[in-house]
Amino acid sequence: SDDNSVLEDDPTITTVCQSPAIAIVKVGVLNDDNQNGCSDPGETIDYTFTVTNEGNVSLANIIVDDPFLGGNIPGPDSGDTDGDTELDVTEAWIYTATYTITQVDIDNGSVTNQATAEGTAPDGTVVDDLSDDDSVLEDDPTVTEVCQDASIALIKQGDFPPVPGGGCPTEGDFIEYQFTVVNTGNLTLTDITVTDPLPGIVISGGPIASLLPGETDSTTYTAVYTLTQADVDAGQVVNQAEAVGTTPSGGTVSDLSDDEVITEDDPTVVEFCQTPVIALIKTGTVNDTNGNGCADPKETITYSFELFNYGTVTLTNVTISDPLVNVVGGPITLAPLETDATSFTATYVITQADIDAGFVENQAIATADAPDGSQVSDLSDDDSEFEDDPTITGLCQGPQIALIKVGTPADENGNGCIDLGETIVYDFVVTNLGNVVLSNVIVTDPMVTVIGGPISIAAGESDTETFSAVYTVTQDDVNAGQVENQALVEGTAPDNTVVSDLSDDDSNFEDDSTISTLCQMPEMQVEKTGEWQDENMDEIPQVGETIVYNFTVTNTGTVTLYDITIIDLLPGIEITGGPIAVLLPGESDSDTFSATYTITEADIEAGQVINQALGTGVTDTGIEVTDDSDDPTNLDNIDNNGDGDPDDPTIVTLPNVGGAIFEIWNGVTPNMDGLNDFFWIEGIESFPNNNVKIYNRWGVLVWETEGYNETTNVFTGTSDGRATIREGEELPTGTYFYVLTFSGENPGESQYNGYLYINR
């Protein structure tokens, strides 16, 4: 048969309509892993994807893509009933995936997302579908609601910084508060503020920009509150703060503070100790009614009372009682640190028995009520609010004491001076100038330890033997030029009055310091050495090359020198360093000062530079000390200032100027001190074609060389193995003979000879 012709045999093809279609439904289930009834970061949502073939043909290459979950979802997990990897019209393939919840999701309140399913029809057509949350006919995103539970907690704790000197807080002291804010919910809180209605409290810090769930902030907010006297009297401060935070949706949560736990709202109570203290001073004044200078029977003593509130709380019902007299005045109220010296008075009539005893002794007591109901009291003192001595009013007694202190140099070295380390022996003469015996007489001296005492001295008598001391002179004393000091004598009269006197050097009625004059020898020594710097290393001085000078300053005297400077009048010299702030006796300084001088044509023509520096310093007492510098390499030893130290100018010889210099030095001291360590033939470098032979006194050749110079090829007093002298052996001290010959250019003669002396 044919489909349309009797002449052909084509098969008959009947076209069947194909309508490929695919659908996906995505469902999310929240997993409350910790079973706390709400969502937490790290918990999960299980997603189920149901893919169905909504057309009339099978679909191949099924892909489920979810960008929110990382792209392609593997599977299916179930639904492929015939295992042919094609989604048949009758099949529903199931895919699964898991998503981990973040804090951002919880703050948003939900997780919203959407997947895509696609498949390929037999004719190559690709069909796809956006997922819906519950229907194959819609494309709504899958929204999984996330539980939100916003809450905040505040802990407020107060404490006192250490009170200076210890003790209880007083008005003006302050409490430091610390605030701990805790996010007790599962939402991020922002713009967190802390307020406190306590009048006068000053809160610092904040707002807290953000606080994650479970997060604690103990550093942002602090507060300071200054105590009032009412607080001190109450013994505590009670208050409560409030924290307010903003949720992601713009709402707010708040919490009243607790003192220690986040689940309660107890006010913060800062309790502190109270110190009720009262002190009383009672003083008596004799009223010499008849003006005879002494107390008589029936004359009176007027008593004055001074009250002190040295506690931290207000005292009320303050009264004074005295078994000797009737106290007039009071009761009064006394605030902390308040003093009252006018409210209470008393008068006592003197009896003959009082005069016979030489004094009237008595004591009062002050009492007061504290805010906590307790009572405080204090026995009076005669002159101090911190003691409880009875008030003793002396009658016609005049204790008086005097001290003379004399210093005698020991002069241990017998030079007639008081020097560093020598001693001064002090003797003390104590005289009782009053009319009563003095007991417990002691002599103290801040400079020395006084030996002797305590003693008693009758009226009008003196003690010359008991007290003495020895002092060793220090460098500070020598710097000052003297030792000056003063002692103190104290004695106790029968009425326990302590009398005292500062020592005098020769009189009972003066208080002059005892002065011992010390010998001072302020001296200094300056040494100056110079060295030409052959900058271009051609061994010929040129204008512009320099001489470097080094200075050593030594304190050769007995006193410390200060502000030491050096000047040098050589035109063009530049001194650097200094001044030396302090230089002790015997101390040297070789590092502070140096100088640089640029040589001139005149210097070259002269063949040398001669100059001298001046060192200047001052002593403690302002004495100026100077010294002209000395060149230690110059042995002329001129003493300009007559101080026994040489003051030779420093001479720096410029070599190879004014014609070649040639000189043979005939002394060798091979001790490596930098002076004459080898046989020096000055200028031989200019005549290199030379031969040097050294003979001992028996005519034995002990050393020979060609091309003798002034640096590397030199004779240092060691044999080079000639004749009977072993090579390398040090030649002994003694006289030797040299022969120097020139085979070419010479300094004037073709041969020189002479004696050479080696000194070890």
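Guide: Two strands pair if DSSP finds at least two bridges between them; strands (E, at least two residues) are, like helices (H or I, at least four), DSSP runs numbered from the N terminus. You are looking at a predicted model, in which local features need pLDDT of at least 70, side-chain atom pairs count only at pLDDT 80 or more, and totals for chains, interfaces and linings use all residues. Residues are numbered from 1 along each chain as its sequence is written, and side-chain values use heavy atoms, with hydrogens and water left out.

Visitor: Happy to start with a hairpin. What phi does G250 have in the turn between β18 and β19?

Guide: Strand β18 (residues 242–246) is joined to β19 (residues 252–256) by five bridges, and the two run antiparallel. Within this pair, V244 has S254 as its bridge partner in β19. Five residues separate the two strands of the hairpin, and G250 in the turn has a positive phi of about 100 degrees.

Visitor: Which residue stands opposite A243 of β18?

Guide: Look at the other neighbour, β12 (residues 189–195), which runs antiparallel to β18 and is joined to it by four bridges. There, the residue opposite A243 is V194.

Visitor: And which residues make up the uncovered face of β18?

Guide: In a regular strand the side chains alternate between the two faces of the sheet. In β18 the covered face holds A243 and G245. The uncovered face holds E242, V244 and T246.

Visitor: On to the cysteines. How many disulfides does a search of the whole structure find?

Guide: A disulfide is a covalent bond between the sulfur atoms of two cysteines. The criterion applied is a pair of cysteine sulfur atoms within 2.5 Å. Over the whole structure, the number found is three.

Visitor: How many residues apart in sequence are the parts tied together by C38 and C147?

Guide: The torsion about their S-S bond is about -90 degrees, so this disulfide is left-handed. C38 sits in the loop between β1 (22–31) and β2 (44–53), and C147 in the loop between β9 (142–145) and β10 (152–159), so the parts they tie together have a sequence separation of 109 residues.

Visitor: Is C147 buried or partly exposed?

Guide: Buried means under 20% relative accessible area, exposed over 50%, and partly exposed in between (1.4 Å probe, protein chains only). With a relative accessible area of 27%, C147 is partly exposed.

Visitor: What is the angle about the S-S bond of C168 and C273?

Guide: The sulfur atoms of C168 and C273 are 1.8 Å apart. C168 is buried at 13% relative accessible area, whereas C273 is partly exposed at 38%. Their link is left-handed, and the angle about the S-S bond is -125 degrees.

Visitor: How far apart are the sulfur atoms of C417 and C519?

Guide: C417 is partly exposed at 22% relative accessibility, and C519 is partly exposed with a relative accessible area of 22%. Their link is left-handed, with -90 degrees about the S-S bond. The distance between the two sulfur atoms is 1.6 Å.

Visitor: Which residue in β58 is the bridge partner of G667?

Guide: β58 (residues 751–758) runs parallel to β53 (residues 667–668), with two bridges joining them. It runs antiparallel to β57 (residues 734–742), with eight bridges, and in that pair Y736 stands opposite L756. T735 has Y757 as its bridge partner in β58, and the partner of G667 is Y757.

Visitor: Last stop, the largest pocket. How many charged residues are in its lining?

Guide: A pocket is an open set of points on a 1 Å grid over the protein atoms alone, where a 1.4 Å probe fits, with protein on both sides within 12 Å along at least five of seven lines; lining residues have an atom within 4 Å of a point. The lining has 29 residues, with T653, P655, W680, E682 and E710 nearest the centre. Ala, Val, Leu, Ile, Met, Phe, Trp, Tyr, Cys and Pro count as nonpolar, Asp, Glu, Lys and Arg as charged, and the others, Gly among them, as polar. By that scheme there are nine nonpolar residues, 12 polar ones, and a charged count of eight.
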